[in-house]
Structures are given as C-alpha cells and as structure tokens.
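Reader: I have a model open and would like to go through how its parts pack. Can we start with the terms?

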Amino acid sequence: MDRRHCNRSNISTCRLCSVGMLEDCNHLFFSSPFSARCWNKIGIQWKLTVDLKDIIIHARNSFRGPAFMLIFTCATWHIWKQRNDLVFDREPYSFRRWFICFRQELVYHYPKLKENIRLAISDWLNLIDNSLSYSFFQKKTLMKAWTSSQLIC
Ligand SMILES: [Zn+2]
C-alpha cells in the first residue's frame, strides 16, 4: 500500500500475516490467508495472474452466485476495513466481523437494487449463512444447484 500512499505507519509488510509478506494489492486482497478465507466463504476463486483485469474476469466467470461486482466490491471493502481497523485502531481483525460487515453492506444496497437482483442476493446469502457446517465441496455443489435455478447477474 506504499505506492498508493495508504501506508501511514511506514510498515510495508502485511499486518494480517505473521510471515513478513510484502503488503501489495495481490497479497492483501487475494492471496493472504485472511482474504483467502473470506473468498472461500463466499465462493469466489482467484486465478492470480499479473493483470488485475484478467484476475477479476476469471473470478466473475467462475462465480456461481448473483451480482458478482457488488459482492466483490463489498467483500474487498471489508477486507480493507479489517486491515485498517488493525493498522490504525489496533483492533484485531476478525473473519466473523468481516462476514457480518460484508453481509450488512450487501443488505444496505438492497433499496438501490431491482427486486429480482435483491431476491437473488438474499437467497444467496441464506445459502452462505446455512453453509457453515458444509464442506467446501458440498457448498460448491449446493451453489451449482442454486445457480441452475436462479437469475445470474
Ligand atoms: Zn498477509
């Protein structure tokens, strides 16, 4: 985050890891263990390449849920907020808090969405909420079944 002048603490290593990784966009938002856990929870898979545009296009094409860009931006925003809470407020980051904030952010957008999109996101969130005890394979199978019967945005 140095290049974007977002690093006010003069620390360029990732604060979400304890292994001294450089905190760049790819690491922070896509490959860090914390962000990987977030993406896994919501079923977004990243094929990390050099070009950010290609990374996002691949993820969008493989995503089996509704409103990819809205979900992607809300999830990314709250990964960033978890990082900033730690860096600036010394508040420990939390996967559970990330998910609650991510979910609330999506619901906050409901009034601006068409009804069919809102219902698709609501159904998708219910599936995600109820998938805590499912294995990743089972969750993917459920999401595949869900997408075959719902509108994809
Ligand atoms: Zn990290």
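Author: Angles under 35 degrees count as roughly parallel, over 145 as roughly antiparallel, 65 to 115 as roughly perpendicular, and the rest as oblique. The angles run from 0 to 180 degrees between N-to-C directions, and axes are lines fitted to C-alpha atoms, for helices over the stretch in contact.

Reader: What sort of model is it, and how is it numbered?

Author: It is a predicted model, where local features need pLDDT of at least 70, side-chain atom pairs count only at pLDDT 80 or more, and totals for chains, interfaces and linings use all residues. Residues are numbered from 1 along each chain as its sequence is written.

Reader: What is the mean pLDDT of the protein chain?

Author: The mean is 83, with 78% of the residues at 70 or more. pLDDT is the predictor's confidence in each residue, from 0 to 100. Over residues 133–137 it stays under 50.

Reader: How many helices and strands?

Author: The protein chain has 7 helices and 0 strands. These are DSSP runs numbered from the N terminus: helices are H or I, at least four residues, and strands are E, at least two.

Reader: How do α2 and α4 pack?

Author: Helix α2 (residues 33–42) packs on α4 at an angle of about 150°, with the axes 11 Å apart. The two are therefore roughly antiparallel. S35, C38 and I42 in α2 meet I71, A75 and I79 in α4. Contact here means C-beta atoms, placed from the backbone, within 7 Å. That set divides into 5 nonpolar, 1 polar and no charged residues. Ala, Val, Leu, Ile, Met, Phe, Trp, Tyr, Cys and Pro count as nonpolar, Asp, Glu, Lys and Arg as charged, and the others, Gly among them, as polar.

Reader: And what about α4 with α5?

Author: Helix α4 (residues 68–89) and helix α5 (residues 95–108) pack at about 140°, axes 9 Å apart. That angle makes α4 oblique to α5. The contact includes W77 and H78 of α4 and W98 and F102 of α5. Its residues divide into 9 nonpolar, 2 polar and 3 charged.

Reader: Changing topic: where is V87, and why does V87 count as partly exposed?

Author: V87 is in helix α4. It counts as partly exposed because it has 19 C-beta neighbours inside 10 Å. A residue is buried with 20 or more other C-beta atoms within 10 Å of its own, exposed with 12 or fewer, and partly exposed in between.

Reader: How much of the protein chain is buried?

Author: Buried residues make up 21% of the 153 residues.

Terms used:
Two residues are in contact if their C-beta atoms, placed from the backbone, lie within 7 Å.
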